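Visitor: I would like to look at this protein with you and ask a few questions. Could we begin by putting it in view?

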Amino acid sequence: GLVNSRDLFAKAVNGGYAIPAYNFNNLEQLQAIVMACVETASPVILQVSKGARSYANQTLLRHLAAGAVEYAAELGKAVPIVLHLDHGDSFELCKDCIETGFSSVMIDGSHLSYEDNVALTRKVVEFAHQHDVTVEGELGVLAGIEDEVHAATHTYTEPDQVEDFVGKTGVDSLAIAIGTSHGAFKFKPGEEHSIRLDILAEIEKRIPGFPIVLHGASSVPQELVQMINAHGGKLMDAVGIGEEQLREAARSAVCKINIDSDGRLAMTAAVRKVLDEKPEEFDPRKYLGPARDALKQLYIHKIVNVLGSNGKA
Ligand code: G3H
Ligand code: 13P
Ligand code: ZN
């Protein structure tokens, strides 16, 4: 069955690699994730966002993820699979996911006051741990789109708060804000394309070996942006986090790296190319199939060249 993230994170922190946390909203994305992880023998976290729940239905997504366990074994390797609620925004939603079979949840209280974040996160942890479900909390606010919360600027995680937060809440992992952001437009033109690995190092000193999570960690590969634009798309100034910075983070206590936007770009580029080059096609499998192949290659690339989770399943 599905597993929680506890053992996976302990091994990842000790081993100097990170587990991929890939968002999925449909069958093709899920297939690509599982195929990539089986081929590379990597554990994986399947993430369901608020947008995914309203697009595809939480129950359907949960059954797809449960089916993925069997699917992986059929493909040749029963890699560990976590089903994780991404950016849970209330105790009730987390409770519902926990009771229906998610093995991990995020309670995102990062937009609340520190005290309210602690109280809400602690309440979720108390409930989750009774069901052997692991919990991710967040301190600090990412710039850009935090689901419904639009933060114009970053509020970096305050290293002085992390020890108190993990102690008071009992969370299993902590998402931090060090300059990553959601979406495909992570830096403004002229802005330096770098994240604050110095703050990460400072955080690690306060909570040595504690599992850290990076949201907004897409790299926005320029060849995908160019491919989209070459086939009728219009993505201007799309830019992401450099792979070498993510690699460095993965070698540290960062043990979960969230990637969604890069998959969206890979799918869109592939679909645009097929529809542009073969205007006679109208069978969805003829463009979703190539999109799935492109996604799978992207996920393999991340695992092998950025996260280092290959061979860890
Ligand atoms: O946290 C952001 C993720 O990329 C999910 O976004 O709610 O549009 O699916 P979404
Ligand atoms: P990206 O938008 O950088 O892919 O981040 C996804 C994410 O953090 C999901 O929680
Ligand atoms: Zn996120």
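Visitor: In which kind of crossing does H5 pass H6?

Guide: This is a predicted model, in which local features need pLDDT of at least 70, side-chain atom pairs count only at pLDDT 80 or more, and totals for chains, interfaces and linings use all residues. Residues are numbered from 1 along each chain as its sequence is written, while chains are lettered from A and ligands numbered from 1 in the order in which they are written. Helices (DSSP runs of H or I, at least four residues) and strands (E, at least two) are numbered from the N terminus, and a crossing is left-handed if the near helix is turned anticlockwise from the far one by less than a right angle, and right-handed if clockwise. By that rule, the crossing of H5 past H6 is right-handed.

Visitor: How are H5 and H6 oriented to each other, roughly parallel or roughly antiparallel?

Guide: The axes, which are lines fitted to C-alpha atoms over the stretch in contact, with angles from 0 to 180 degrees between N-to-C directions, come within 10 Å for H5 (residues 91–100) and H6 (residues 114–130) and cross at roughly 15 degrees. Angles under 35 degrees count as roughly parallel, over 145 as roughly antiparallel, 65 to 115 as roughly perpendicular and the rest as oblique. H5 and H6 are therefore roughly parallel.

Visitor: What ipTM does the predictor give the complex?

Guide: The protein averages a pLDDT (the predictor's confidence in each residue, from 0 to 100) of 96, and 97% of the residues score at least 70. For the complex, the predictor gives a pTM of 0.97 and an ipTM of 0.98.

Visitor: Which element of the protein has the lowest mean pLDDT?

Guide: Strand E1 (residues 19–23) has the highest mean, 99. The lowest, 54, belongs to strand E7 (residues 149–151).
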